[in-house]
Amino acid sequence: MFETSLLAHKRILVTGGGSGLGAAMGRRFLALGAELVICGRTRDRLEATASEMREQIGGKVTTIACDIRDGAAVDGMMETIWRDAPLDVLVNNAAATFIAQTEHLSFRAADAILAPTLHGAMYCTLAAGRRWIEGRHRGVVLSILSTSTITGRAFTVPSAMAKSALLAMTKSLAVEWGPKGIRTVAIAPGPFPTAGATGQLRPEGRDDSWTARNPLGRTGEHGELADLASFLVSDRAGYINGEMVTIDGGAHLRSSGAEDLLGWTEAQWAEQRAARSRA
C-alpha cells in the first residue's frame, strides 16, 4: 500500500509497544523503514517482541523498560533515547481500562486507569515536546484514543475521561506547538480485539452480538489501524494537525458500545468485581 521508504530515517517511540496494537503499529513502522523504540513495564515481553520483529522484519528495534506513570522515569527514558539521536515520532498507545459500575470504583481503581492513560501520555508528550522545541527539531505526537471521546461510554468512565482529555491536548497543542514544527494527531479505534483488551472489556457473560451490530459486520484488523497510523505520522500527512481520525466501521454512529451492560444484573457485576480482584 505504501512505499517501503515512507518512514525511512524516522525514530519512533511506541508506548505499550510490547503487545497488542502497539506491537502491530511497531511492526508496520519497521517495515516502512523506521527505527523503532518500544517501551513498557515488562522487560521480558518487550525483548521477546523486539526479537520477533528483528527476525521477521529486520531493522533496528530498541527496548526500554519504563513505567510511564512515573514522570521522572519518563524523563530518564527520553534522556536515554536522545543520547543517540532525537525522536521524530511519539505514539501514545499505552493505556488501561476495565468495565465497572462507576459508583463501585475506588479511588485506587480510578487512578489505575488515569495514571497510564492520561498522566503517562501527558508525561511522554511533555518530555518529547520540550526536547523537540529546545533542539528546534520537528516532531509528531500520535495518541491512540477511542470513540468514547465522541459518544461517552458508560461503565468505563475513567477511560472515557482520560481519552477525552488527550483529545483536548491534541487540539490544544496543535495550535501551541504547530508553529514550532510539531504536529499532534490522534486515532479513535473502534473494536480491534487484543488479548488484553478483550479480557478486560468482553468478559464471559457479556453480549457477544456486538460484531453483528457494527455497520460493516466485523471487527477491525490490526493492519488497518497500523496503516492509518503510518500515514498520520509520515510526511505525507504533514498538513494534518489537531485532528482525530475515527476507524471503527461506523460503529459509533449506532452505539456507544456499552448499552448491553445496562441490562446486567447485580450478580453479574458482583462476579465481575470478584474476577478483577482475583486477577
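Analyst: Helices are DSSP runs of at least four residues, numbered from the N terminus. In this predicted model, helix H4 spans residues 107–135, and leucine 126 has its place there. Leucine 126 also belongs to a nonpolar surface patch of about 220 Å², which Met122 and Tyr123 make together with Leu126. Because its relative accessibility is 33%, leucine 126 counts as partly exposed, a class that lies between under 20% for buried and over 50% for exposed.

A pair of aromatic rings is described by the distance of the centres and the angle of the planes. The structure holds 2 aromatic pairs, and one of them joins tryptophan 264 and tryptophan 269 in a tilted arrangement, with 4.8 Å centre to centre and 55° between the planes. With Phe155, the residues Trp264 and Trp269 form one aromatic cluster.

Empty space can be described too, since rolling a probe the size of a water molecule over the atoms shows where it is left. The second largest pocket holds about 260 Å³ of space, and 17 residues line this pocket, with Arg138, Gly139, Val140, Gly181 and Arg183 lying nearest its centre. Strand E5 (139–144) and strand E6 (182–189) each supply at least two residues of that lining.

How values were computed: Residues numbered from 1 in each chain as written. Predicted model: local features only at pLDDT ≥ 70, side-chain atom pairs only at ≥ 80, totals over all residues. Heavy atoms only, no water. Patch = residues over 30% accessible without salt bridge, like charges linked within 9 Å, V, L, I, M, F, W, Y side chains within 5 Å. Areas by Shrake-Rupley, 256 points an atom, 1.4 Å probe, with all protein chains shown as cover. Salt bridge = Lys/Arg side-chain N within 4 Å of Asp/Glu carboxyl O. Buried < 20%, exposed > 50% of the residue type's maximum accessible area, 1.4 Å probe, protein only. Phe/Tyr/Trp six-rings, centres within 6.5 Å; stacked < 30°, edge-to-face > 60°. 1 Å grid on protein atoms, 1.4 Å probe; cavity = no way out; pocket = protein on both sides within 12 Å on 5 of 7 lines; lining within 4 Å. Points joined across faces, edges and corners; volume = space filled by probe spheres on them.
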